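Student: Please take one part of this model and go through it closely. Then set that part against the rest of the chain.

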Amino acid sequence: MKNDVLKIGKFELASRLIVGTGKYASPEEMERALEASGAEMVTVAVRRVNLDRTKESLLDHIDPKKYILLPNTAGCYTKEDAIRVARLGRAAGLSNLVKLEVIGDEKTLLPDTHALLEATKELVKEGFIVMPYTNDDPIMAKRLEDAGAACVMPLASPIGSGQGILNRLNIELIIEKVKIPVIVDAGVGTASDATIAMELGADGVLMNTAIAGAKDPIKMAQSMKLAVQAGRLAFQAGRIEKRRHANASSPVKGLVGAIE
């Protein structure tokens with residue numbers, strides 16, 4: 001699978017698993033989980049890290065030579081706030097990548113897609129590689145592509161819910177609708193959820209809580225690595241057609257002595 005890379009802007013990733021850096025019991029646990037996941041891109045919340053490095057920061061535990069930093073605008077509820085945080089992350093030297101989040105509701109944490117689209121247009125004009133977190137709406141996914149997004153990141157289910165993919169059809173419709181990468185983001189709970197996303201044809205999966213919140217984050221990180229790989233291989237292999245009735249593995253037709 002070395003030649004099967006995920007392209008996002010100028011970046012090429014051998015791993016199709018992107019992981020977050022929040023909610024771990026300790027920075028050391030996070031380091032071990034990142035290593036076990038095999039991820040090459042990790043996301044950090046700009047508003048939750050000490051950017052001036054005057055005291056210990058989450059960034060002290062992420063090797064920039066090993067991982068591509070993906071700043072995110074988590075916690076932003078307006079277009080203006082999200083744009084400001086994206087600019088802040090770039091000015092601090094993190095990256096011109098941005099996982100763009102504009103939350104529309106405090107309880108569900110579902111995205112404000114209108115504000116998201118407007119923020120995407122503005123940040124693309126400013127030279128950012130925009131990776132927008134959106135709902136599972138094929139129409140909005142297409143609009144984000146037209147606005148210049150480097151990929152679209154539809155939710156599988158609400159952030160941190162662990163419910164897995166609640167609407168497979170919409171994810172499939174998004175994959176059919178856009179030509180940019182589709183990375184399933186939010187709601188993954190266990191390895192099978194990640195595999196299903198990849199089997200549907202998603203280009204990648206992003207997760208945080210599913211790993212950091214597991215009883216053993218290190219083992220879960222490794223399982224997610226394997227799950228994404230398995231799902232990708234299964235998608236490329238092409239599953240058999242579903243049938244209503246049985247279809248014998250060893251058909252009797254044509255065998256010597258078989259009753260025709």
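Tutor: Start with what covers helix 6. The cover of its buried residues includes strand 9 (183–185), strand 10 (204–207) and helix 8 (217–237). Contact here means heavy atoms within 4.5 Å. Helices (H or I, at least four residues) and strands (E, at least two) are DSSP runs, numbered from the N terminus.

This is a predicted model: local features need pLDDT of at least 70, side-chain atom pairs count only at pLDDT 80 or more, and totals for chains, interfaces and linings use all residues. Residues are numbered from 1 along each chain as its sequence is written, and side-chain values use heavy atoms, with hydrogens and water left out.

Now the helix itself. Helix 6 runs over residues 191–199. Its buried residues are Ala191, Asp193, Ala194, Thr195, Ala197 and Met198. Buried means under 20% relative accessible area, exposed over 50%, and partly exposed in between (1.4 Å probe, protein chains only). In an α-helix there are 3.6 residues a turn, so residues three or four places apart point the same way. Look just past the end of helix 6: glycine 201 has a positive phi of about 110°.

Positive phi turns up elsewhere too. Most residues other than glycine have a negative phi. Lysine 23 has a phi near 75°, a positive value in a non-glycine residue. Find lysine 23 in the loop between strand 3 (17–20) and helix 1 (27–37). Lysine 23 is exposed, at 58% relative accessible area. Leucine 109 is another non-glycine residue with positive phi, near 60°. Its loop joins strand 6 (97–100) and helix 3 (113–125). Leucine 109 is partly exposed, with a relative accessible area of 27%.

Next, a buried strand residue. Leucine 13 sits in strand 2 (residues 11–13). Its relative accessible area is 1%, so leucine 13 is buried. Set aside neighbours within four places in sequence, and leucine 13 contacts Asp4, Val5, Leu6, Ile8, Glu40, Met41 and Ile68. Aspartate 63 is 50 residues from leucine 13 along the chain, and their C-alpha atoms are separated by 16 Å.

The cysteines come next. The structure holds 0 disulfides. A disulfide is a pair of cysteine sulfur atoms within 2.5 Å. Cysteine 76 is in none, and the nearest cysteine sulfur, that of cysteine 151, is 18 Å away. Seen from cysteine 151, the closest cysteine sulfur is in cysteine 76, and 18 Å is too far for a bond. Cysteine 76 is buried, at 0% relative accessibility. Cysteine 151 is buried as well, with a relative accessible area of 0%.

Finally, step back to the whole. The protein chain has 8 helices and 10 strands. Its radius of gyration is 20 Å, close to the 18 Å that the globule rule gives for 260 residues, so the chain is as compact as a globular protein of that length. That radius is taken over C-alpha atoms; the rule is 2.2 Å times the number of residues to the power 0.38. The C-alpha trace spans about 85 × 40 × 35 Å along its principal axes. Of the 260 residues, 49% are buried. Among contacts with a separation of 6 or more, 64% link residues 24 or more positions apart.
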